[in-house]
Protein chains: 2
Amino acid sequence: MIDRWDVTALALLAQAPLFSGQDTAVLHAAIPLAQPRSYERGTFIFHEGDPATIFYILQTGRVRLTQLTAEGQQVIIRYLSPGEGLGIIVALSDTTYPVTAETVADTQLLGWYKEDIKQLMLQYPSLALSGLNLIARRFVGLQAQFRELATERVEQRVARTLLRLVRQAGRRTDTGVLIDMPLSRQDLAEMTGTTLYTVSRILSKWEQAGLIQTSREQVIICQSHEIVVIAEDLPKRDA
Amino acid sequence: MIDRWDVTALALLAQAPLFSGQDTAVLHAAIPLAQPRSYERGTFIFHEGDPATIFYILQTGRVRLTQLTAEGQQVIIRYLSPGEGLGIIVALSDTTYPVTAETVADTQLLGWYKEDIKQLMLQYPSLALSGLNLIARRFVGLQAQFRELATERVEQRVARTLLRLVRQAGRRTDTGVLIDMPLSRQDLAEMTGTTLYTVSRILSKWEQAGLIQTSREQVIICQSHEIVVIAEDLPKRDA
DNA sequence: CGCGTTCTTGACTAGAATCAATGCATGTGG
DNA sequence: CCACATGCATTGATTCTAGTCAAGAACGCG
């Protein structure tokens, strides 16, 4: 029996990378097991170290993944956009969540208990392969970020991070591309492994040069090609 | 028909994380498809950017995974020990190898064409789950390394890296624990995102303090607890 | 024994962290 | 509506970590 909620959920699931390309039988098996959840902006879905029991797919909203160091310093691992999976990494292993997940906008999720998702994957191996594929992609992405952090200077990293965020949450405005989420200097610092002071200086410099526009927790990229030049450390053409 | 080679391979496979805990049926299905390979020390198994066609499991020896930056700077992602998988990340996706794999000791591998391993996983879903689990673990490890790189100072990172290497390739000697592989200052620098000069200075300091012994491409940890103190940035107890 | 690598050390520099003071919004409550 | 508290951002002064460059020493190999 398929009710209206199911139809909506089905359409959304079919979009999510994990389920896209899967047989509809998989979707129909998955939907009855799904737990819909809603969180307001600024609430925690789970904390680093909590036993991992549920795997989520983000329907709407935006989620930030962070880790804490032993000294209490925070690092932002990444932001998630609708369709992306959350906790897929550990839903299959018997460990704890390695990151903290916090909403930065009102957010709706679909959750599955790890036993259920495991069962689904055993029943539909193609779903397991899809999951493998998904993590593989994320893994490669994380490796790239690692390499950047190891070899590039702060300014390059900030530029690259802005470009990544544009791809993820960019929205065209009349003056440029707005990164459509609250984004403080501190956030950028935690993403690039630096301090909020350094980020502030860099952004000020870029704003002076007309590359970006900033205001409180907000960045608009005006000359993205110039930001690319900085990110890639290309020789800048003179006037 | 099981010949002697098969028996040996079976025993080895049963040890490898990907196959451990799997039904023997899986092993028996996997073995006939395996391509045994041997490489001398210092040869390349594949290069970053090559189309990913084969997935390997390391039987003996040691392999180094590296990435190159656009500027030609090299970063060492990690070293692999026997039993670990190589290219598992991409064997399932239709991409290219994201890293270069180079042997640092004479090495024997078992390889599977990605179509074969995919087929196996579809046939034995538990194998896919095992693979998922494996990548998940690596992923969490990489996240931790990322966080270290983002927040810790060079000295801490070098300490941590040495401890990791000890766990992976440590061999007790009369003066301490030897990291049993060729390991230049340059290598350590590429692992920690610094320069060989800085590494050299740090190791010299530690050697003076009696924490380690070094020689060309070799490190012996004598006082591992003191290295831990540095890695964890604990307050050092005075005399 | 000479050659190429690897390693060490010193001098210098630059990039970025730290500390401190202040400005600027935004939202709150009297 | 204004005074105030709070959180975010800017900027300058200073310090220091680590990178860069250069010269030479030590080691291992053919």
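## Two interfaces, worked step by step

Between chain B and chain A the rule finds zero salt bridges (a salt bridge being a side-chain nitrogen of Lys or Arg within 4 Å of a carboxyl oxygen of Asp or Glu). This is a predicted model, where local features need pLDDT of at least 70, side-chain atom pairs count only at pLDDT 80 or more, and totals for chains, interfaces and linings use all residues. Residues are numbered from 1 along each chain as its sequence is written, and side-chain values use heavy atoms, with hydrogens and water left out.

**Exercise 1.** Describe the side of chain B that touches chain A.

*Solution.* Let's begin with the area.

1. About 4,100 Å² is buried between chain B and chain A, and carbon and sulfur atoms give 75% of it. Buried area here is the accessible area (1.4 Å probe) that two parts lose on being put together, summed over both.
2. Within chain B, the residues that lose the most area to chain A are B:L132, B:F139 and B:F146, together 18% of what that side buries.
3. Next, polar contacts: one residue pair is found across this interface, both at pLDDT 80 or more. Such a contact is a pair of N or O atoms within 3.5 Å; within protein, one must be able to donate a hydrogen and the other to accept it, and residues adjacent in sequence count only if both atoms are side-chain atoms.
4. Now the elements, which are DSSP runs numbered from the N terminus (helices: H or I, at least four residues; strands: E, at least two). β4 (63-68), β5 (74-80), α4 (114-123) and α5 (125-151) of chain B each give two or more residues, and α5(B) gives the most, with 21 residues.

**Exercise 2.** Work out how domain 1 of chain A meets domain 2 of chain A.

*Solution.* Now we stay inside one chain.

1. An automatic or database domain assignment supplies the bounds: domain 1 is 7-149 and domain 2 is 152-232 of chain A.
2. Contact (heavy atoms within 4.5 Å) involves 14 residues of domain 1 and 15 residues of domain 2 of chain A.
3. The two domains bury about 1,300 Å² between them, with 46% from carbon and sulfur atoms. On the domain 1 side, A:I76, A:Y79 and A:E148 lose the most area to domain 2, together 45% of what that side buries.
4. Three salt bridges cross this interface. A:R164 forms a salt bridge with A:E148, their closest N and O atoms being 3.1 Å apart.

Definitions and conventions
Chains are lettered from A and ligands numbered from 1 in the order in which they are written.
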